[in-house]
Amino acid sequence: MNKTFLIIQREFLSRVKKKSFLIATILVPLIFPALIGGIGYVMKKESENANAQVIHVLDQQGSFNFENTDKYEFVKVTGDLETAKTAFAESEDYGLLYIPEFNIESPKGFVLYAKSNPSFSTIGDIENEIEDAIKDDKLQVYNIDKEVLDKLKTKVDLRSVNIAEGEEKESDAGISFAIGYFTGFLIYIFMFAYGGQVMQGVIEEKSSKIVEVIISTVKPFQLMLGKILGVASVGLFQVLIWVVLIAILSTTVLGLLGLEIPHEAAIQGADVETSEKFLRLLANIPFTKIILTFIFYFIGGYMLYGALFAAAGSAVDSPSEAQQFMFPIMIPLIAGIIGMQSIITNPDGNVSFWLSIIPFTSPIAMMGRIGFGVPAWELALSMVLLVLGFIFTTWMAGRIYRVGILMHGVKVNYKTLAKWFMMKN
Amino acid sequence: MEALIAKNITKRYSNHTALDNVSLSIPSQSIFGLLGPNGAGKTTMIRIINQIIDADEGEVLINGKKLSPEHISIIGYLPEERGLYKKMKVGEQLVYLGQLRNLTRKEAILRSKAWTKKLGIYEWWDKKVEDLSKGMAQKIQFISTVLHEPKLIILDEPFSGFDPVNANLIKEEIFELRDKGSTIIFSTHRMESVEELCDHIALINNSKLILEGSKKDIKHSYKSNTYIVEHQGALNGSLPDSFKVLDNNLLHENFYKSIVKIAGETSPNELLKSLVAVTEVHSFVEKIPSISEIFISKVGGNK
């Protein structure tokens, strides 16, 4: 019987049988939608229930006439600035907007006094109000008819179609963006979660001192590989359960609410065209391709980092000592996640290209790009390099691991690691 | 017939030599004591036999065949640094370790059950190792070492950390396994257990083999022709010159214990004759050095 398989089996079963596995596996698909739904609900309630904020307007120009909105109620006040300020300070209201006399060609001197720091959106809203008011003034001054101006406004919906792959595909940056960010982030999380499990497993074997018994029956490399693959199978199994659970949950929920959602949308006067477009775009997203790529980069990236985590675990006696080796492992992962910003805004740029080619960042970066369409040769190159990358890290980690697991109470630094690496068997 | 022959084993690390041209020959069905102070190279030797590390030079033969992965299933190894998976159940763990030594799952279950019953821990079969006492965990470690009925059993400091009851139990099992045909290599720096268990010993110090052979032969070769005599009536220098009194103790009234060394080729019978002539002999025993004394004289002398 193949002993590596025996080890994989033990690693898999010992983790899957744990209560914490069961809890995490069942709760995660429930928690995330519940969390997102909950926050959304609270936000919606809050904006519905919020009273309009009262803003005093001291208009010394005398030409402004703000209309009240859902969010703001404008109250005109008179007198000089000091009296207005005192009155405002005594009131419970939100702000005092001071509009001095100004030249319509170069308006300035507007001030919003408030009792707390106003948010960006409040400032933006009020700026818009003032700009609109000045615009109306200007229209009058320049003798332009407002109606004519309104008619000049045209709304165009630009369809973008990707023909790079030979077939026409309608694309949407927004959806690709969301998918890229989400899958890239998932890979990032999984690298840490499952890589961390490998490291803990190695430390556990080393500190419980079972390891010497095991490696008198199998090669250290087999034990390390068995552990990495065992945890990988746990990861895949867990992801599979999540996919199935989410699929079942969402079809059930959609089945229950399926008729209500479009109905409600229609009542609220939502743009039917927009939702149709959304569905059309959704149908055009190459889900199979994205899922297959995701699985490949998940496994590849995990193998690459899993080996490094295993080597780090083998070198130390306790998890706290492992911190010093965690940092350099984390840097490329963090670089990948930071690079995501630039990848998503410019998926074909230089940064995107290199981050998605270098094996240490490619699992995250390529997921960011894949929704936008990646030339076949780039994808192939990235995949080949990732495979070579994990073969290399596994080989390197194996050399450190075989020595490290038998060393107790040794103070380890990078020089020691290099020495272990060079040591003959 | 030799169960294991190691020929000229050398193992070097970057800044020291762990084993320097060490050869061993371990007779079949013996209990072989591998002795030496800490850091002498015992564990390195054992790890080489277990194929955990490779020797730089030399070779190991088991039953006349060059050491290879197929030998894993006939070796049982209890390392000095030993432990168990804490979160695993006793039964699962024994079966897993048995399977790693090439037992089938079925066979591993059968034998684990038999052994746990024999050592009285069967009721813990479904308990996690972390819930066990240290003594029970030690029994499980021992079972996992011998589960696959290995022909060669290697025990590295087996009694360190064992309580006396368990140590005795394990000793009995070791004798039983030897009688059933296994060869046992027993590495330690504690001499009392060697005296009791081993029939052959090898002494390693500073990476070099300094002594090897049967316990009897070694002790014999370290005899110094010295005798312990208990007698009534003082000797008072009345012995001939060829006998040298090393020590003379008055035990109680006119009753002495003396240590007498025979110089030259004179036989013990001559000594006895001379003694009888001058005193009343109550006992006459040859003084045989203990392994511990030999160990200290060899190791201490090298420093």
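Which residues of chain B does UniProt list for "domain: ABC transporter"? The unreviewed entry gives residues 4–231 of chain B, an annotation that may be inferred rather than shown by experiment. This is a predicted model, in which local features need pLDDT of at least 70, side-chain atom pairs count only at pLDDT 80 or more, and totals for chains, interfaces and linings use all residues. Residues are numbered from 1 along each chain as its sequence is written, chains are lettered from A in the order in which they are written, and side-chain values use heavy atoms, without hydrogens and water.

**Sheet in chain B**
- An open antiparallel sheet has the strand order β2-β1-β4-β5 (chain B); strands are DSSP runs of E, at least two residues, and two of them pair if DSSP finds at least two bridges between them.
- β2 (17–27) and β5 (65–66) of chain B are edge strands with a single partner each, so one side of each has no neighbour in the sheet.
- Seven bridges link β1 (residues 2–12) of chain B to β2(B), and Ile9(B) has Val22(B) as its bridge partner.

**Interface of chains A and B**
- In contact (heavy atoms within 4.5 Å) are 30 residues of chain B and 25 residues of chain A.
- The buried area, meaning accessible area (1.4 Å probe) lost on being put together and summed over both parts, is about 2600 Å².
- Glu81(B), Tyr85(B) and Leu100(B) lose the most area in chain B, together 25% of what that side buries.
- Three salt bridges (Lys or Arg side-chain nitrogen within 4 Å of an Asp or Glu carboxyl oxygen) cross the interface.
- Lys209(A) and Glu81(B) form a salt bridge, their closest N and O atoms 3.0 Å apart.

Definitions and conventions: Helices (H or I, at least four residues) and strands (E, at least two) are DSSP runs, numbered from the N terminus. Buried area is the accessible area (1.4 Å probe) that two parts lose on being put together, summed over both.
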